[in-house]
Amino acid sequence: MKGYTYILICENGYYYTGSTINLQKRLSEHWSGKGANFTKKYPPVALVYVEEHPHIGIAFKREKQLKKWSHDKKKALIEKDFVKLHELAACQNTTHYLKNK
């Protein structure tokens with residue numbers, strides 16, 4: 001069964017990331033205040049990003065991955081700024097082997 005991973009921008013400026021098998025139904029739930037607790041408290045302003053996947057399991061894994069990303073990294077993905085996305089994906093740990101070359 002096909003699945004979707006999506007990102008909403010909410011009224012507080014934060015991103016909400018989710019996954020579903022029925023995107024239109026899920027968005028309707030968010031807009032009407034019947035979606036996730038986060039979007040009940042901070043209503044969505046706009047759908048800003050969508051990925052379609054061949055199986056809901058893949059969409060769910062992608063959701064979990066994106067939820068770990070920083071706000072700036074999600075913003076780079078949404079804006080298709082792949083150079084910045086690559087920079088933000090680099091290890092920032094000062095002990096990383098590439099930092100000690």
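**Note on the aromatic residues and the sheet**

1. Y6 and Y16 are both buried, a term that stands for a relative accessible area under 20%, with exposed meaning over 50% and partly exposed lying in between (1.4 Å probe, protein chains only). The model under discussion is a predicted one, in which local features need pLDDT of at least 70 and side-chain atom pairs count only at pLDDT 80 or more, whereas totals for chains, interfaces and linings use all residues. Residues are numbered from 1 along each chain as its sequence is written, and side-chain values use heavy atoms, with hydrogens and water left out.

2. Rings of Phe, Tyr and Trp (for Trp, the six-membered ring) are taken to pair if their centres lie within 6.5 Å, and the planes then count as stacked when under 30 degrees apart, as edge-to-face when over 60 and as tilted otherwise. This rule gives a count of three aromatic pairs. One of them joins Y6 and Y16, whose ring centres are 6.3 Å apart and whose planes stand at 45°, so the pair is tilted. The two residues are 10 apart and belong to distant parts of the chain, Y6 to strand 1 and Y16 to strand 2 (residues 15-20). F38 and Y42 form another tilted pair, with 5.1 Å from centre to centre and 50° between the planes.

3. Y6, Y16, F38 and Y42 make up one aromatic cluster. F38 counts as partly exposed because its relative accessibility is 30%, and Y42 is likewise partly exposed, at 25%.

4. A further ring to inspect is that of W69, since K73 lies over its face at 4.4 Å from the ring centre; a charge is said to sit over a ring if NZ of Lys or CZ of Arg is within 6 Å of the ring centre and within 35 degrees of the ring normal.

5. The chain has five helices and three strands, these being DSSP runs numbered from the N terminus (helices H or I with at least four residues, strands E with at least two). Along the sequence they follow the pattern β-β-α-α-β-α-α-α.

6. The three strands form an open sheet of order 2-1-3 with antiparallel pairing, where two strands pair if DSSP finds at least two bridges between them. Strand 2 and strand 3 (44-53) are the edge strands, each pairing on one side only. Neighbouring strands of this sheet are turned against each other by 20° on average, direction ignored, and six bridges join the antiparallel strands 1 and 2.

7. Where does Y4 sit in this arrangement? Y4 lies in strand 1 (residues 3-10), and T20 is its bridge partner in strand 2. Y4 counts as buried because its relative accessibility is 15%. Apart from neighbours within four places in sequence, Y4 is in contact (heavy atoms within 4.5 Å) with residues including G18, I21, V50, E52 and A59. The C-alpha atoms of Y4 and H55, residues that are 51 apart along the chain, are separated by 8.5 Å.

8. Two helices lie across strand 1, strand 2 and strand 3: helix 1 (residues 23-31), running at about 25° to strand 1, and helix 4 (residues 71-78), running at about 65° to strand 2. The axes behind these angles are lines fitted to C-alpha atoms, for helices over the stretch in contact, and the angles run from 0 to 180 degrees between N-to-C directions.

9. For the chain as a whole, buried residues make up 36% of the 101 residues. The C-alpha trace spans about 55 × 30 × 20 Å along its principal axes.
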